[in-house]
Amino acid sequence: MIDQKTLDHLAYLARIEVPEEEKEQLRTDISNMVAFVDVIQKVALGPRAEEVFTQKNVARDDVVAPLESVYDLVEAAPMHKDGFVQVPKVIGE
Amino acid sequence: MVEELHKKIISGELTIRALVEESVAKAKADTRNIFREVFSDIDEQIARAETILKEGKATTLTGIPIVLKDNIMFAGHIAGACSKMLEHHTAAYNSTAVQALIDAGAVIIGRTNMDDGAMGSSTENSAYGVTKHPLDETRVPGGSSGGSAASVLAGIVPLALGSDTGGSIRQPAAFCGIVGLLPTYGTVARHGLIAMGSSLDVIGPMAHSVEDAELLYNTISRYEPRDATSVKESDRVSGKMLKKKIAIPRGMFDQGGIDEEVQKNFFAIKTQMEKEGFSFSEVDLPHFGDALAVYYILMPAEVSSNLARLEGVRYGDRQSDASVKDMYEKTRGALFGKEVRRRILLGTYVLSHGYYDAYYNKAVALRALIRKELEDVLTDYDAVFTPTTPTPAFKIGEKANDPVQMYLADLFTVPANIAQHPALSVPSGTTEAGLPMGVQFIGPRFGESLLFTLGAVVEKVRIYDTLVQQ
């Protein structure tokens with residue numbers, strides 16, 4: 001069961017503002033979701049189960065190359081000026 | 001179907017312009033909310049395809065109209081994932097899959113409706129409203145790739161791209177009576193797919209027929225150095241030959257909630273395939289049924305991490321400029337849909353101090369076990385056989401207020417994503433009310449060709465032709 005205090009903490013950690021009138025429904029929904037996934041607690045696991053995933057790291061060669069789309073990427077920001085992304089004042093917060 | 005269109009284009013019986021313009025006209029006339037946008041650069045794309053044709057370099061896809069799910073990036077076009085957060089997000093580059101389509105000369109006519117951030121099983125979570133099922137407008141087309149599935153069923157385009165994190169290609173494909181493939185994780189690159197659950201997400205084809213799905217899969221499946229989980233072509237070996245032996249998970253229907261007509265259809269297809277020389281055996285997959293719970297731990301965990309990048313700074317829209325904290329909280333609170341917020345909060349919970357071992361780590365270990373059990377079964381069998389979905393398409397609003405009920409729609413599709421194996425959904429019949437149903441084969445890793453062979457058998461033995469509207 002997720003209580004209101006826990007929900008507020010999760011919302012703070014996730015940086016999501018939850019309107020007061022939605023809190024109770026959201027608390028119920030998340031509680032139901034946690035209850036749903038809780039069945040895995042009953043599953044007993046043998047040793048070394050984690051060794052099945054044998055994915056290899058595929059790093060590419062470290063070669064210097066121009067990034068053509070850098071200005072397009074800056075353009076994707078909601079606020080930008082002269083090729084820089086604009087944000088509210090951070091220092092002194 | 002695509003092969004026939006290609007032949008007509010090559011012989012001159014059909015022009016690329018006529019073919020594409022017919023699709024565009026149908027897309028523009030649609031009243032079921034299938035499209036988010038019909039693109040405005042169609043003339044340029046047609047001209048490109050015509051040049052490829054003139055130069056004698058045409059591929060089977062040259063001049064063929066296709067649509068994209070709204071989370072697949074096409075440079076210079078909006079890719080919004082049907083979220084308010086990304087309503088004005090213009091793709092800065094092409095996804096690997098789109099680049100492959102452009103190279104092949106396909107004409108991308110538009111982007112389709114989907115659940116917000118690909119989170120949902122009905123398109124009801126789209127910030128722009130539900131897509132109505134083309135065969136029954138009181139029902140959902142499935143999701144999250146619901147618009148893509150409906151566009152193929154409605155006969156607007158022969159091919160569509162979707163993405164599948166827990167069933168989002170196969171479930172709407174089954175609901176809409178079309179073919180949908182979840183490719184092996186690592187074959188179709190995630191580069192340029194708006195991320196949801198990075199260890200689960202795969203772009204895949206949706207089409208009228210297995211043959212068309214195979215064609216599209218072969219086109220988009222290529223190694224991508226910009227995706228660290230992309231597998232080099234030389235390493236894509238399944239080493240499996242057709243044995244004509246199919247496995248059915250023991251006790252699959254025991255938990256209840258599986259529609260009777262779905263069960264009947266499933267066993268009818270089994271009987272038909274037995275006449276074609278296939279043998280079926282019940283096998284033990286003890287943790288198959290736990291995959292859904294594992295999924296609803298791992299996926300939200302990855303969602304909460306992936307969507308941290310949507311904070312009002314780098315992409316999409318911003319809500320407040322008062323302070324950094326205010327900008328984060330107001331932007332994310334106001335612009336993420338309800339289900340997205342729920343999943344981020346659940347993901348934050350399972351990853352938070354004190355719960356990490358009990359949920360996330362346990363789920364990771366169980367995931368490995370589920371994959372091991374599946375791989376063991378697939379050493380002796382060609383594929384694991386299930387219905388694609390527990391029920392046919394449900395009514396709009398029927399499950400909208402109960403997230404957990406909605407999750408059960410993914411019961412049979414989720415295990416393949418958890419194991420990173422390929423799975424194919426093929427239309428297998430219709431209910432008495434005329435709603436499509438599908439069956440699913442889960443194959444060995446890199447065993448797509450085996451799945452296409454099995455899918456073609458279902459197409460041969462099933463008792464109806466095709467529902468695709470002309």
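## Buried area between the chains

In this predicted model, chain A and chain B bury about 4800 Å² between them, 71% of it on carbon and sulfur atoms. Buried area is the accessible area (1.4 Å probe) that two parts lose on being put together, summed over both. Chain A contributes 49 residues to the contact and chain B contributes 62 residues, where contact means heavy atoms within 4.5 Å.

## Salt bridges and contributing helices

Three salt bridges are found across the interface of chain A and chain B; a salt bridge is a side-chain nitrogen of Lys or Arg within 4 Å of a carboxyl oxygen of Asp or Glu. A salt bridge joins the side chains of A:Glu22 and B:Arg341, at 2.8 Å from N to O.

On the side of chain A that touches chain B, at least two residues each come from α1 (4-13), α2 (23-37) and α3 (70-75) of chain A. The largest share, eight residues, belongs to α2(A). Helices here are DSSP runs (H or I, at least four residues), numbered from the N terminus.

## Basis of the model

Residues are numbered from 1 along each chain as its sequence is written, and chains are lettered from A and ligands numbered from 1 in the order in which they are written. In this predicted model, local features need pLDDT of at least 70, side-chain atom pairs count only at pLDDT 80 or more, and totals for chains, interfaces and linings use all residues, while side-chain values use heavy atoms, with hydrogens and water left out.
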